[in-house]
Amino acid sequence: MKRVAAAVVLAVSFVWQLVVSGLATVRIILAPCVPAQPVLMRYEFAPLSEAGAALLASLVTLTPGSTVVDIDMETRSLLVHLLDGRDQAAAADGIRRHFERHVRVLCGVQP
């Protein structure tokens, strides 16, 4: 039952993040006075299977303004390109809060 709940919460959270990130990306594109700072960020995730890491990377990539460039299973990290990397800590916290913890439950890994 935990996995079903995690799947539902993950789906709702993902749709919400699509809207929020989409609006932020549109703001950056349409308002050039807002300075964007593209950056590559290393995001370390908790232990996940390869399938779990791929799912996490897919969710991050499908969210506007971010793209996963590399998955390193040895160091359990994603190399993420952020369109606006002024607050990398907040970006990492958002990935962890909105996606990673639910992916861990779906993969059967205790959060």
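Visitor: What makes the largest nonpolar core a core, and which residues have the most contacts inside it?

Guide: In this predicted model, the largest nonpolar core has 19 residues, and those with the most contacts inside it are Tyr 43, Leu 56, Leu 78 and Val 80. The name applies to a set of buried Ala, Val, Leu, Ile, Met, Phe, Trp, Tyr and Cys residues joined through side-chain atoms within 4.5 Å, where buried means under 20% relative accessible area, exposed over 50% and partly exposed in between, with a 1.4 Å probe and protein chains only. Two or more residues each come from helix 1 (2-30), strand 1 (39-44), helix 2 (50-62), strand 3 and helix 3 (88-106), and the largest share, five residues, comes from helix 2.

Visitor: What does Leu 78 touch?

Guide: Contact means heavy atoms within 4.5 Å, and, not counting residues up to four places away in sequence, Leu 78 touches Met 41, Arg 42, Tyr 43, Phe 45, Leu 56, Ala 57, Val 68, Asp 70 and Ile 71.

Visitor: Why is Thr 63 called buried?

Guide: The relative accessible area of Thr 63 is 6%, and the limit for buried is under 20%, so Thr 63 counts as buried. Thr 63 lies in the loop between helix 2 and strand 2, and its contacts, again leaving out residues up to four places away in sequence, are Phe 14, Gln 17, Leu 18, Ser 21 and Phe 99.

Visitor: How do you know which elements the protein has, and in what order do they run?

Guide: Helices (H or I, at least four residues) and strands (E, at least two) are DSSP runs, numbered from the N terminus; the protein has three helices and three strands, running α-β-α-β-β-α from the N terminus on.

Visitor: Why is the protein called as compact as a globular protein of that length?

Guide: The radius of gyration, taken over C-alpha atoms, is set against the globule rule of 2.2 Å times the number of residues to the power 0.38; the value is 14 Å, close to the 13 Å that the rule gives for 111 residues, so the protein is as compact as a globular protein of that length.

Visitor: What limits apply to these values?

Guide: Local features need pLDDT of at least 70 and side-chain atom pairs count only at pLDDT 80 or more, while totals for chains, interfaces and linings use all residues. Residues are numbered from 1 along each chain as its sequence is written, and side-chain values use heavy atoms, with hydrogens and water left out.
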